Amino acid sequence: MNTNNNVYTIVYTTLIVVVVAALLAFVSQSLKERQDANEKAETISQMLTSAQYGTKAELDKLSNKDKLAKYADEIEKAFVIDTEGNVVRELEGVDVYSPKALKRQNYNIKGGANATGTAEIPVFKFKNGRTVVPIYGAGLWGPIWGYISFEADNATIAGAYFDHESETAGLGAKIKDDPSFQAEFVGEKPDFGSANVFDIVKGGAPKEANGSSVLDNKIDAISGATMTSQGLDAAIDTWLAAYAKYFQANAPAKECCGNQEGCEGNHEGCEGDHENCEGGHEGMHGEGEGHHHHNHMEE
Amino acid sequence: MNAKLKETILNPIFKGNPITVLVLGICSSLAVTVTLKGALVMALSVIVVCGISSLILSLLRKTIPGRVRIIVQLVVVAMMVILVDQVLKSFEATYAIDKQLSVYIGLIITNCIVMGRIEAFALGNKPWPSFLDGVANGAGYGLILIIVAFFRELLGSGTLFGIDILNRFGYVPNNLVILPPFALILLGCIVWVQRSIQKDLQEDK
């Protein structure tokens, strides 16, 4: 048989590619359900890590079933909002957003040709008072995503966990592998009022500079991973800006109760909301969180 | 088993080891040897990919058009790599390790050992010896991986397979060992040991 014939070569390569493609499609379809279950458990363990239910390593010791059970135990309320901060629908049971679902919403937030509708983004409120929201964007080599949790004040970051598909090991991959990078987010306060909600920059910025209570929304970028750092910065800006109205609307009116000066301009709204305000204030003292924060400021 | 077949199996393990003698597959051996578990999964993956790709291509060897043989090899190896990756992602026990190895499972396709053995052996030999050659080369690669990972996990984290060995005696894990350059130093030491045992590898002065 002459295997160097042109027709033979073309038919042979076509055939082998079609056969391989069919086989891979079949395998991918039949394993999809198992992979999705693994991915869901992984997403849950990332959200729980962000909400400070333990380190990622500790949570990974749980089986998939236990992770789902822990989520079901610890979730207080999960719902989907639009970018105006209005609740669109509730998320029932163990319903989380996979990275694929986040990608779709990422297009919707940004608008443009790939958008399929208005953005519907999830909010997860846990029983420890923390609220977890996802972020999604482009790293250097592929998608990056993660979960940022906020304290009960809806303004201070309580924790963060990031993941990626194919960032460079030892450099960009540090957004996932380096707990000290993720720890930098703790205590930061994103500036929801501006377009530049959060910054990942060289050197970062000192917390509470000069003892003043300026918003601290800058952390130190990763050396040698400029593109991944910038990608993460952009992803956080895009997503937190989409959540800005929700967080601003749900921040407790503690300016009204504690800080009279900041309250003056907004006095009427304050009066109407006074009772809620009191309740929120007590609640915070009860938890110890608010109290602790006051001490911190005085130091 | 005849002597030739035995040689096919044993040669890649020591005398003609793909990493220490042929110096192939260095990149991944630096990257995936931080933990023993990772090294073990990587070794098994390469054994499976190498063995089955060699078998398939040896079965096809008389039909493959000479001008596109590399592309055909590539398609088959890529298929095997994707299959291994998909299977690792599907099981709870291997999902985390697949995430940890991330790109390196996919990069098995660029491991010179796989294509090298197909081109050098599988295309010119019968299926059974080709399969054994693929498996043995994967095993030779895996053996070095496991030796390197043993030292790196023991000295770098104080553990083996995640179980505490040295830390309970107050050992402070050495961060240098975790970094890729140390794997290269270790590999150098292994080559040194092998060359002093196997004198015929030494160049004439």
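**Exercise 1.** In this predicted model, find which residues Ile236(A) is in contact with, leaving aside its neighbours within four places in sequence.

*Solution.* Start from Ile236(A) and set aside the neighbours within four places in sequence. Ile135(A), Val197(A) and Phe198(A) are then in contact with Ile236(A).

**Exercise 2.** Describe the largest nonpolar core and state which elements supply it.

*Solution.* Step one: the largest nonpolar core holds 51 residues. Step two: the members that touch the most other members are Ile236(A), Met47(A), Trp239(A) and Tyr243(A). Step three: at least two residues of this core come from each of several elements of chain A, among them helix H1 (6–50), strand E4 (131–138) and helix H7 (226–250). Step four: with nine residues, H7(A) gives the most to this core.

**Exercise 3.** Name some residues of the second, separate core.

*Solution.* The second core has 46 residues. Ile108(B), Leu123(B), Tyr141(B) and Leu186(B) are included in it.

**Exercise 4.** Work out the make-up of chain B and explain why it is as compact as a globular protein of that length.

*Solution.* Step one: count the elements of chain B, which gives 10 helices and two strands.

**Exercise 5.** What share of the residues in chain B is buried?

*Solution.* Of the 205 residues in chain B, 39% are buried.

Key
Residues are numbered from 1 along each chain as its sequence is written. Chains are lettered from A and ligands numbered from 1 in the order in which they are written. This is a predicted model: local features need pLDDT of at least 70, side-chain atom pairs count only at pLDDT 80 or more; totals for chains, interfaces and linings use all residues. Helices (H or I, at least four residues) and strands (E, at least two) are DSSP runs, numbered from the N terminus. The radius of gyration is taken over C-alpha atoms; the globule rule is 2.2 Å times the number of residues to the power 0.38. A residue is buried if 20 or more other C-beta atoms lie within 10 Å of its own, exposed if 12 or fewer, and partly exposed in between; C-beta atoms are placed from the backbone. A nonpolar core is a set of buried Ala, Val, Leu, Ile, Met, Phe, Trp, Tyr and Cys residues joined through C-beta atoms within 7 Å. Two residues are in contact if their C-beta atoms, placed from the backbone, lie within 7 Å.
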